[in-house]
Protein chains: 2
Amino acid sequence: MTFSEYVEDRRRRVDEALDRWIPAESLVPHTIHKAMRYSLFAGGKRIRPLLCLAAAEAVTDSPQGVEQVACTLEMIHTYSLIHDDLPAMDNDDLRRGRPTCHKVFGDALAILAGDALCTLAFEVLGQAPCDAERRVSLIVELARASGSVGGMIAGQVQDIEGEGKHPDFKLLQAIHHAKTGALLKASLRMGGIFCGADEEQLAALSRYGEHVGLAFQIVDDLLDVEQTSGKLGKTAGKDAQQQKMTFPAVYGIERSREMAEEERLSASLALRPFDERAERLRELADLIVSRET
Amino acid sequence: MTFSEYVEDRRRRVDEALDRWIPAESLVPHTIHKAMRYSLFAGGKRIRPLLCLAAAEAVTDSPQGVEQVACTLEMIHTYSLIHDDLPAMDNDDLRRGRPTCHKVFGDALAILAGDALCTLAFEVLGQAPCDAERRVSLIVELARASGSVGGMIAGQVQDIEGEGKHPDFKLLQAIHHAKTGALLKASLRMGGIFCGADEEQLAALSRYGEHVGLAFQIVDDLLDVEQTSGKLGKTAGKDAQQQKMTFPAVYGIERSREMAEEERLSASLALRPFDERAERLRELADLIVSRET
């Protein structure tokens, strides 16, 4: 299977899991389930679920049922985008080439759709096809990675509070570490935890996750500068406009591009404890650095 | 111990558990932890945690550590109030006699503080002092009760969508069943689950919870009509102003008052499978019906 066939196949599996777990639009109240599905099935790249699946496959051959774990990462990611796009937050009208959730369903329903996706992620993990000990580990891992102490929510707060401040390397790293890094790292660890990875494997997945997370964020910042809104599917140039603290703002474009490449290499090196089954993780690191949207 | 001493003692225990689990204001980012604590420690009545503790005490003598479970119910309840008060939702400036979270910290931080409380509830349950099987049961119970299918979020959506509609008994019941009923019922069930209640006991706690939940909501609707904002600590008369579907609107005040009393009686009767250890639950039902705020 080529890498692009692999990615397509795994995205399909993740989408099937999402479709199975997100309440149908026919369920009352219809509008909220419509809003949840609208944002979830909007052509997301499924980076976090792909990392989760590939981590599981690096630990075990053909892990059964890991899609149910992987899809909860996309629920958390999507809820954070919905809330982030609200007028009270980043106030964005465009996401993945379509009007944002609140533009279509209104602010109240967008807030509630985000809340519901957050809640559902934990309900679905509570029924993951593994023993109760592992379910609990997965839940605590996801909650911490998306929480207010070093997790995604912490990063969002620091991001908002950092607007307009003088660019500063330490703060920039802290923001990205929390805002996107924590959930990306958790994606890998959760794939490992589900498959019963040992301590050495989990530590390797964590290191890989940290490097790949940083690479991801640097590229994200670069794309915001270099691409058009049409290509990105979201409003380009917003970071500069909102005086966000970004890698290009602190290091310039050229050095940022080099740093992304360095992180990709470090990510790859972190995978040494694994055999050739970690190849998909290496290819995913390449994809993350070379992506154009 | 008199009932009011009992309530005071149990509220103190719940507040201690909350204080232990909510990140300190000294933790970065300070503002979000300040916002979370501002709303949590604003003089809430702690009805849900009290029900949870009393349910546990009806099943077992002196249940150890149940406060950790009980306090997660207050986290979920408080997050729902913070989001509900936002300008995009009910747009309320006053809660528990103080400015609402977004009036003090701004809309963005209020959204994130709510998100963080929701997430934290599941993290804390994932570390509850019981075996992993029970932790998972508690998590799934709480997620369903606060979710978009028959849970709290479903009720909020139906409540918003019901504004201005012709008062209708079936819709009114559906809204309240989901909006407040589900979480109140879960409060009791979670106390039972934590203590290893058997099927008969859980069924009795569920029935008690349904009746007490309905009584709670009827009284809530009545207080909105009959009390002043000063006494309630939140804006009174908002239901009528927003054309909300309420019990007084459908049945009138007198019949609503009778209905609350009927539900209190039914709640008490549902406790028959328990011995005298369920006395606190009976007294809590009385408190819920006779409360003036």
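Student: Which residues does A:A113 touch, leaving aside those up to four places away in sequence?
Tutor: A:I32, A:A35, A:M36, A:S39, A:I82 and A:C101. "Touch" here means that the C-beta atoms, placed from the backbone, lie within 7 Å. Keep in mind that this is a predicted model, where local features need pLDDT of at least 70, side-chain atom pairs count only at pLDDT 80 or more, and totals for chains, interfaces and linings use all residues. Residues are numbered from 1 along each chain as its sequence is written, while chains are lettered from A and ligands numbered from 1 in the order in which they are written.

Student: What makes A:A113 stand out in the largest nonpolar core?
Tutor: That core has 188 residues, and A:A113 is among those with the most contacts inside it, along with A:C52, B:C52 and B:A113. A nonpolar core is a set of buried Ala, Val, Leu, Ile, Met, Phe, Trp, Tyr and Cys residues joined through C-beta atoms within 7 Å.

Student: Why is A:E200 called exposed?
Tutor: Count neighbours: 20 or more other C-beta atoms within 10 Å is buried, 12 or fewer is exposed, and in between is partly exposed, with C-beta atoms placed from the backbone. A:E200 has 10, so it is exposed. It sits in helix α10 (residues 199-226) of chain A.

Student: And why is A:N91 called partly exposed?
Tutor: A:N91 has 15 C-beta neighbours inside 10 Å, so it falls in the partly exposed class. B:N91 also has 15 other C-beta atoms within 10 Å and is partly exposed.

Student: What makes the backbone of A:N91 worth a look?
Tutor: Its phi is positive, about 50°, although it is not a glycine. A:N91 lies in the loop between α4 (66-84) and β1 (94-95) of chain A. For B:N91, phi is near 55°.

Student: Where is the cis peptide bond of chain A?
Tutor: It joins A:V28 and A:P29, with omega about -5°. A:P29 is in the loop between α1 (3-21) and α2 of chain A. In chain B, the bond from B:V28 to B:P29 is cis with omega near -10°.

Student: How do you know that the buried residues of α1(B) line one face?
Tutor: First, helices are DSSP runs of H or I, at least four residues, and strands are E runs of at least two, numbered from the N terminus. In α1(B), B:R10, B:V14, B:A17 and B:L18 are buried. Seen down the helix axis, the buried residues fall within an arc of 100°, so they line one face; the arc is that of the directions from the axis to the C-beta atoms. On the other side, exposed residues include B:E5, B:R12 and B:E16. The cover over the buried ones includes α2 (30-40), α3 (47-59) and α4 (66-84) of chain B.

Student: How many residues meet across the chains, and which element of chain A gives the largest share?
Tutor: 43 residues of chain A contact 43 of chain B. The largest share of the chain A side, 12 residues, comes from α6(A).

Note on methods: Two residues are in contact if their C-beta atoms, placed from the backbone, lie within 7 Å.
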